Amino acid sequence: MLAAACGSRLPESDFEARGGARDARTDGTGTGGASAAPLKVGIITSATSPVGGDAFAGPRDGAKAYFDRLNARGGIHGRRVSVATCDDGGSGAGNSECVRRLLGKEKVLALVAGASLDYAGARQVAEAGVPDIGGQPIGPAYDTYPHLYGIYGSLAPRRGGELGWDGRLYGGTEVYRYFKREHGARKAAVVSYNQSASAAYARLVTRGLKAEGYEVVPQQVDFALPNFRAVAAELRAQGVDLVFDAMDTHGNARLCEALDAAGVRLTAKVTNVQNWSSSVADDYADAPRCRNALWATSSSRNYADADHPAVRDFRRAMERTGPGREGLSQWQLEGWAAAMWFSDAAASCREPTRACVERFMQRDTPYTARGLLLPVRYERRAEPPRERRTCLSVARWRDGRGWVTQGPGMERTCFTVPQLGYRP
């Protein structure tokens, strides 16, 4: 249910506690004061939603773990980061209420690592000039409004009126080219819900597959009462190589069960970053064949790559928290990276004000969160790109090993591909 994209970043050096910084006002704007007030940030999450469970909680949990570790090391310029969270319930009304509370009552300096099914309060955040850093682009807000900085970056004008370029967004075909070149796939199915964000993403996937020469079999199911058995029967009859989806973990697991029951054998069942988690063994317990055909792609380093120092830091910190002890996920790692991004921005300021934080966010140098993210860029291009060189992080699930990184690594799995326009 996510929009696919790549992002932006900057030079980064580990910051330990730095003394001597001036104190900020307690109103969250960070414009001076005499007491060492904490820097307050807000995290809005659809922790409860129609999708169910903790589907959107990963970014929040990763960000909180980062801030906990940061505070244990002395905070930012000797000031701790205080986190105010809000569950919007997955509704637009709930989201707007969370925005009002965090901006009005809590007076947060910034929003961080958001994951909302309906980001209805985005305009209010933009009009208030509050930086929103590292949110998940589930809808089009991060390609529409200024002051909003999604985790994967954006090239759109973001003036706050029409989204993207004349109401259109653009995405590349690198994922489809990867499976075509590396695995010889030729026929793909795209399974989505009859829900706006899911359907919009499915349209983009379908266009990308066709642009790369695939034969495409589109399948849409009812969000409330999906008939996955009918989908599986059709995919078996069509002889598809790949299955792409625009669904949550629960929907993917039920689809996989139906595919196994129908005897469907795939080159790859390709899912999105939301479903890249250690809970695969349990979520797909009744679909062993499909489970071991699961692949995921993103613009962030595999959370299972414990040999990488930044991933190792993330894993150690998460293993100390409740959510981390229960399992790890790619969305947790991206929430950790979002919190790091805010913290680096705030640490760059003598006084952590919203304006100073945004100066860091708007720098020309891409940001990588110590190598956790592919270089994220924020540019305001008057015209959309026709093609772009894009790199991928690719992993495959293997029983007994978990998510195994594929290929030469995300910095070298790269393609120059066309950018295709679509209307969400």
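This note goes through selected strands, helices and cavities of a predicted model.

1. **Strand β1 and its partners.** Strand β1 covers residues 39-45 and is mostly covered, with six of its seven residues buried. Seven bridges tie β1 to strand β2 (residues 81-87), and the two run parallel. Within this pairing, Lys40 has Ser82 of β2 as its bridge partner. β1 also pairs with strand β3 (residues 110-112), again in the parallel sense, over two bridges.

2. **A cavity beside β1 and β3.** The model contains three cavities of 30 Å³ or more. The second largest cavity has a volume of about 100 Å³. β1 and β3 each give at least two residues to the lining of this second largest cavity. Among the residues lining the second largest cavity are Gly42, Ile44, Leu111 and Val112. Its lining also includes Asn95, Tyr119, Asp132, Gln136 and Tyr142.

3. **Strand β7.** Is β7 enclosed by the rest of the structure or open to the outside, and what shows this? Seven of the seven residues of β7 are buried, so the strand is largely enclosed by the rest of the structure. In a regular strand, side chains alternate between the two faces of the sheet. Both faces of β7 are covered. Lys187, Ala189, Val191 and Tyr193 are buried on one side, and Ala188, Val190 and Ser192 are buried on the other. β7 pairs with β8 in the parallel sense over seven bridges. In that pairing, Val190 stands opposite Pro218 of β8.

4. **Helix α6, a helix with two sides.** Helix α6 spans residues 228-238, and its buried residues include Phe228, Val231, Ala232 and Leu235. These four cover an arc of only 100 degrees around the axis, which puts them on the same side of α6. An α-helix has 3.6 residues a turn, so residues three or four places apart point the same way. On the other side of α6, Arg229 and Ala237 are exposed. The buried residues of α6 pack against β7 (187-193), β8 (215-221), β9 (242-246) and α7 (249-261). After α6 comes Gly239, which has a positive phi, near 65 degrees.

5. **Helix α13.** Six of the eight residues of α13 (residues 354-361) are buried, so this helix is largely enclosed by the rest of the structure. The buried residues are Arg354, Cys356, Val357, Glu358, Phe360 and Met361. The packing partners of the buried residues of α13 are β4 (132-135), β5 (148-150) and α12 (330-347).

6. **The β6-β15-β12 sheet.** Three strands, in the order β6-β15-β12, form an open sheet with antiparallel pairing. β6 (169-172) and β12 (387-391) are the edge strands, each pairing on one side only. On average, neighbouring strands of this sheet are turned by 40 degrees against each other, direction ignored. β12 and β15 (residues 414-422) are joined by five bridges and run antiparallel. Glu387 has Pro418 of β15 as its bridge partner.

7. **Helices on that sheet.** Helix α4 (residues 174-183) packs on the sheet and touches β6, β12 and β15. The direction of α4 makes about 135 degrees with that of β15. Helix α5 (residues 196-211) lies across β6 and β15, and runs at about 125 degrees to β15.

8. **The largest pocket.** Which residues lie nearest the centre of the largest pocket? They are Asp54, Ala55, Ser277, Ser279 and Asp283, out of 26 residues that line the largest pocket. The elements giving two or more residues to this lining are α1 (58-72), α7, α8 (280-283), α11 (322-326) and α12. The space in the largest pocket is about 630 Å³.

9. **Trp295.** Trp295 belongs to strand β11 (residues 294-298). Is Trp295 buried or exposed? Its relative accessible area is 3%, and the cut-off for buried is under 20%, so Trp295 is buried. The C-alpha atoms of Trp295 and Ser154 are separated by 25 Å, and the two residues lie 141 residues apart along the chain.

Methods. Residues are numbered from 1 along each chain as its sequence is written. This is a predicted model: local features need pLDDT of at least 70, side-chain atom pairs count only at pLDDT 80 or more; totals for chains, interfaces and linings use all residues. Side-chain values use heavy atoms; hydrogens and water are left out. Buried means under 20% relative accessible area, exposed over 50%, partly exposed in between (1.4 Å probe, protein chains only). Contact means heavy atoms within 4.5 Å. Two strands pair if DSSP finds at least two bridges between them. The arc is that of the directions from the helix axis to the C-beta atoms. Axes are lines fitted to C-alpha atoms, for helices over the stretch in contact, and angles run from 0 to 180 degrees between N-to-C directions. On a 1 Å grid over the protein atoms alone, a cavity is a set of points where a 1.4 Å probe fits but cannot get out, and a pocket is an open set with protein on both sides within 12 Å along at least five of seven lines; lining residues have an atom within 4 Å of a point. Grid points are joined across faces, edges and corners, and a volume is the space filled by probe spheres set on the points.
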